[in-house]
Amino acid sequence: MTSPATPVPSSIDAEKALVLFSGGQDSTACLAWALGRFQWVETVAFAYGQRHAVELEARQALRKGIRELGDRWAERLGPDHELDAGVLGHISDTALTREAEITYDDQGLPTTFVPGRNLLFLTLAAALAHRRGIRHLVTGVCETDYSGYPDCRDDTIKALQVTLNLGMAQRLVVHTPLMWLDKAQTWALLEHHGGKALVELTRTESHTCYRGERDQLHPWGYGCGTCPACQLRAEGWQHYQARAGTGTPEGSTHPPPTP
Ligand code: ZN
């Protein structure tokens, strides 16, 4: 029998995770969350002909900066993978994969929506995780402050987890630590896991702008300042600054309690 004084190792802590790491603010927060929870964390990104391919370059600067933030993170951060998902760019006609104005359809969905993108990414990540012996997938999808993409919704991800496990005869767990956080809370999550140094690293090195612009450093980071991604990021930063000192939320894979 285990004495109450004996530390009980959590099985989940000893396991490996694969973070879908695009190089944006959200996936950086997911990487920090995973590094605080799992002993071994690998990263994966997808090249799909995105206009903001600069985000793929931001990833390496972030990984380097994160390694330098502490020995424990440096020990836990495993290899990086970049997969070619260029077929998405061939079959999609969206403002994310070609030079086009960002507009909204009748249902409020922006033309930056790439049909099937997150479904394909998670499926490819699951296949990679299977080969690498990894059980936990971590993705920064969120339906709190988001552009209305249907493949970011909690129901979609839960259904996909079931499908992946049935289709691969595995017991993968898809974690969505940002699902119920707004963008200000995502900045607070970064601070919670990596302090002000991680916030500053994310502010200056992560990339969110759909147009791929990195000419001007705003208080919230680089970007055009007008695309939907920049607007969400800028508003989140402002709210984070306004709420500074009012507590830090922990990421959760469950809906928040009813107030
Ligand atoms: Zn932008």
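Trainee: What makes α5 and α6 count as being in contact in this predicted model?

Mentor: Two residues are in contact when their C-beta atoms lie within 7 Å. By that rule, Leu119, Leu122, Thr123, Ala126 and His130 of α5 meet Leu160, Leu164 and Met168 of α6. Sorted by class, this contact has six nonpolar residues, two polar ones and no charged residues.

Trainee: Which other helices pack together, and at what angle?

Mentor: Look at helix α7 (residues 183–205) and helix α8 (residues 228–243), which pack at about 65 degrees with axes 7 Å apart. The crossing of α7 and α8 is right-handed.

Trainee: Which residues of α7 and α8 meet?

Mentor: From α7 come Lys183, Ala184, Thr186, Trp187 and Ala188. They meet Leu232, Arg233, Glu235, Gly236, Trp237, His239, Tyr240 and Arg243 in α8. By class, that contact has six nonpolar, three polar and four charged residues.

Trainee: Let us go back to α5. Why is Leu120 called partly exposed?

Mentor: Leu120 sits in helix α5. A residue needs 20 or more C-beta neighbours within 10 Å to be buried, and 12 or fewer to be exposed. Leu120 has 18 inside 10 Å, so it counts as partly exposed.

Trainee: Which residues is Leu120 in contact with, leaving aside its neighbours within four places in sequence?

Mentor: Those are Ala85 and Leu88. Ala85 is 35 residues away from Leu120 along the chain, and their C-alpha atoms are separated by 8.4 Å.

Trainee: Which strands does α5 lie across?

Mentor: Helix α5 lies across β1 (16–20), β2 (40–47), β3, β4 and β5, and it runs at about 155 degrees to β1. Those strands form an open sheet in the order β3-β2-β1-β4-β5, with parallel pairing.

Trainee: What makes β3 and β5 edge strands?

Mentor: Each of them pairs on one side only: β3 (77–84) and β5 (173–175). From one strand to the next, the twist averages 25 degrees.

Trainee: How do you know that β4 and β5 pair?

Mentor: Pairing takes at least two bridges. Three bridges join strand β4 (residues 136–138) to β5, and the two run parallel. Leu137, for instance, has Val174 in β5 as its bridge partner.

Trainee: And what shows that β1 and β2 pair?

Mentor: The cut-off of at least two bridges applies again. β1 and β2 have five bridges, in the parallel sense. Here Val19 stands opposite Thr43 of β2.

Trainee: Why is β2 described as largely enclosed by the rest of the structure?

Mentor: Count its residues: six of the eight in β2 are buried, so the strand is largely enclosed. For the protein overall, 41% of the 259 residues count as buried.

Trainee: How many helices and strands does the protein have?

Mentor: There are eight helices and seven strands. As for contacts with a separation of 6 or more, 67% are between residues 24 or more positions apart.

Terms used
Residues are numbered from 1 along each chain as its sequence is written. This is a predicted model: local features need pLDDT of at least 70, side-chain atom pairs count only at pLDDT 80 or more; totals for chains, interfaces and linings use all residues. Axes are lines fitted to C-alpha atoms, for helices over the stretch in contact, and angles run from 0 to 180 degrees between N-to-C directions. Helices (H or I, at least four residues) and strands (E, at least two) are DSSP runs, numbered from the N terminus. A crossing is left-handed if the near helix is turned anticlockwise from the far one by less than a right angle, and right-handed if clockwise. Ala, Val, Leu, Ile, Met, Phe, Trp, Tyr, Cys and Pro count as nonpolar, Asp, Glu, Lys and Arg as charged, and the others, Gly among them, as polar.
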